[in-house]
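Please open the model in a viewer and keep the sequence at hand.

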Amino acid sequence: EAMPPAYVAFFIWCSFAILWWTGWRKETADGIPDAAAAVFLAGWPVMAWREIPLPGAGEVQGAFLWTLLAMLGLFWRMEPYRRAMAASAGFLASSLGVWLTYAVLMEAAPGWAMGRMAAAAAGVCAALLVRGADGQIAAVSLAVLAPELLEGVWNAENGPVRLGSAENAESWWIGVLAARACAAAAWAVRAGWGSLVRKKGG
């Protein structure tokens with residue numbers, strides 16, 4: 001039986017928080033100001049258990065709002081060309097995730113696995129297209145949050161709007177983990193290859 005989404009999200013948050021506060025800051029948040037990363041990590045578990053009322057009717061889950069604000073902050077501080085690159089990667093990763101979920105994985109995997117594999121694929125896509133933790137995390141955030149926002153707008157006429165869920169938070173953390181793991185692996189391969197070339201050249 002699959003681990004509940006809330007536990008998966010919390011476990012990955014713990015992993016990032018431990019890495020961050022034990023000195024692995026470049027590996028986990030390269031390109032993001034230290035203060036911003038610390039505030040996000042410290043505030044996420046507090047916001048994750050809150051429900052914020054929306055004007056009119058509905059509510060937004062705290063982790064969704066916290067992540068949305070972080071994404072907007074990342075996009076705001078980027079140079080225009082990097083902002084465009086991250087946004088394009090985010091929309092592409094979102095499309096990839098939706099396609100995998102509904103066209104490929106639906107018949108081949110249980111429901112709990114579909115979202116996790118699609119989120120991981122979105123993270124890998126972001127890592128391949130964007131450099132730096134800020135761009136990758138912004139792209140993953142857009143990929144995960146955009147479908148939820150569109151679904152909320154689409155269903156607004158049918159009743160109260162609710163944005164965010166444990167599954168959505170889980171997908172975001174899985175996507176970020178996949179993106180940063182791919183980036184770290186690529187860096188290790190490049191460093192190893194460079195070292196090998198230097199040894200041969202020497």
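**First stop: a helix pair**

Select helix H3 (residues 34–48) and helix H4 (residues 62–77), whose axes come within 7 Å and cross at roughly 155°. H3 is therefore roughly antiparallel to H4 (angles over 145 degrees count as such). Helices are DSSP runs of H or I with at least four residues, and strands are E runs of at least two. This is a predicted model, in which local features need pLDDT of at least 70, side-chain atom pairs count only at pLDDT 80 or more, and totals for chains, interfaces and linings use all residues. Residues are numbered from 1 along each chain as its sequence is written, and side-chain values use heavy atoms, leaving out hydrogens and water.

Next, display the residues that make the contact (heavy atoms within 4.5 Å): H3 supplies Val-39, Phe-40, Gly-43, Trp-44, Met-47 and Ala-48, and H4 supplies Gly-62, Ala-63, Trp-66, Thr-67 and Ala-70.

**Second stop: the core**

Now select Ile-32, Trp-44, Phe-75, Ile-137, Val-140, Trp-172 and Trp-173, which touch the most other members of the 45-residue largest nonpolar core. Such a core is a set of buried Ala, Val, Leu, Ile, Met, Phe, Trp, Tyr and Cys residues joined through side-chain atoms within 4.5 Å; buried means under 20% relative accessible area, with a 1.4 Å probe and protein chains only. The largest share of this core, nine residues, comes from H7.

Finally, select Pro-53, in strand E1 (residues 51–53). Is Pro-53 buried or exposed? At 64% relative accessibility, Pro-53 counts as exposed (over 50%). Beyond its neighbours within four places in sequence, Pro-53 is in contact with Gly-58 and Glu-59.

Conventions
Axes fitted to C-alpha atoms, helices over the stretch in contact; angles between N-to-C directions. Parallel < 35°, antiparallel > 145°, perpendicular 65-115°, else oblique.
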